[in-house]
Amino acid sequence: MHSIPAVSELFGDSLNEYRINISYYDSRLTTYCEKSKRITDEKYILSISDNDISIECSGEKSAFYAICDIIKRKKEGRISNGKFICCPSFRVRGYIEGFYGTPWTDEKRSSVMSLMAKNRMNTVYYAPKDDLYHREKWNALYPEEELSKLKELLSLSKKYYMDFYWCIAPGLSIKYSDENDFSCLIKKCEQLYNIGARHFGLLLDDIDDELKYEEDKALYNETVTAHIALINRLYSSLLDIDTSIKLTVCPTLYHGKGDEYYISKLGQNIHPLISVFWTGRDICSRELTCYEAIRFIEATHHKPLYWDNYPVNDCSMYNEMHISPIINRDKDLWKYSEGIIANCMEYAECSKIPLITYSDFLWNSEDYCSEESFENAVAQVIGKENAEAFIVFADHLYTSCLKDSNSRRMYEALDKIETALNKGDKETAARLSDEFLEKMHKSKAFLKKDIPICNELTKWSEKFYVLCDLFDKIFEFIQKREGSVKSEITAIIDKYNSLPAKISNDVNLKDELKEILN
């Protein structure tokens, strides 16, 4: 077991209490996933009998996933005797640093990658929009210092059995008919190839729909023709370097019904082994469905590789904090897609929680339970001792494209208090109020800690503190009915509504609390 480099690094002595025996062999039993009808190097069989665990698998990668599984079962309190045959639902399971905003530090990249490896994700895309050498200076080679950092990331990804896709976004300025521009593109890819990159991404998103140079208009007539030529030429040139290279493309039209002219023509005219990113019906899709994936396949002759714009919160979503679990993705979507890549937030620590829920869904979509996954994700990132305090706060951060119910725990508690008051049971109402306030203040105390995730959440936690003050005064007013307290409540509400961060429902609290205040 210790011959697998990532095991000791990620798990230390966590497995010392178990006697683990790993058997490697290549057969139908260890490589063929009966559910998906595909051969995979990620399948393993666990046989658990108290402290004796045997692992049957085809190689180090599947053995690593088996150990990740054992640790996960142990931490979640569900390790039990028996035989378990395990293989993933989705072939491609990963995340992308593809947001607008300050790129992650190298430390954050390593931290997210190691955690996602533990949770059996197998793919990472490097595509920070504001990395100058990714987008604005796409035609310039990386300076030695930046190149060295990318080399370290590549080495780390190999250690964690993750496919690392280095991406380039030349669309803002590339002249498709210019040989010099194409030469710059190839030289940049060769630079990355020479430090170990074998997977590449060509991103043509968020650029003008129309060709900007007269030479391109004369040669290609329309944008999609220019893109087809560029994509196929780049792929052919990459294969000349190494036939094992893989390429993913993000088209300019990357969302919609999937049968629009641009995406249909592009898909039908690029090499069938090139992966095509797609975000679904919308840029940030509430749901991803099998029906829509099938329509995409029929139109483009490619299975979609979903670039899922969740939990990302850039651009117009910057006042939202997307920390809730992934929902509304069809459990059979693995049949009609290459996989799903989740786009992260600028907030790396916060991104970890929804990413873990996504890893659970991607590994076993049929048995995925969003709330259970979310609670386990919080425990992984925050620690079990602080999980409940954090969840009280996170209950208010469900505002996103997923349109999940926000502040459910809070409204359930308030409904119980209101029911007791309506029955005239002041004693029960007071007890429930005290319990509610105690949880709010424990959450507030945790959020004041000087740790990375709390530091990332400052904009939202400051508004939560005002919400805590508001409920303190509301319950005081219910008991005393004093006009001075009512005035204080009004002032707190004004302060709450003035803060831009979105927590709880995006409503006017004066209207919500009108009945209590009258």
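Which residue is the bridge partner of Tyr44 in strand 5? In this predicted model, read with residues numbered from 1 along each chain as its sequence is written, local features need pLDDT of at least 70, side-chain atom pairs count only at pLDDT 80 or more, and totals for chains, interfaces and linings use all residues. Side-chain values use heavy atoms, with hydrogens and water left out.

The partner of Tyr44 is Cys57. Strands here are DSSP runs of E with at least two residues, helices are runs of H or I with at least four, and both are numbered from the N terminus; two strands pair if DSSP finds at least two bridges between them. Strand 4 (residues 44–49) meets strand 5 through six bridges in the antiparallel sense. Their hairpin has two residues between the strands, and Asp50 adopts a positive phi near 55° there. Strand 5 (residues 52–57) also pairs with strand 1 (residues 19–24), this time in the parallel sense and over six bridges. Cys57 turns up here too, standing opposite Tyr24.

Further along comes a barrel, closed by eight strands in the order 7-8-9-10-11-12-13-14 with parallel pairing. On average, neighbouring strands of this sheet are turned by 25° against each other, direction ignored; axes are lines fitted to C-alpha atoms, for helices over the stretch in contact, and angles run from 0 to 180 degrees between N-to-C directions. Helix 10 (residues 290–300) packs on the sheet, touching strand 12 (275–278) and strand 13 (304–308), where contact means heavy atoms within 4.5 Å. The direction of helix 10 makes about 130° with that of strand 13.
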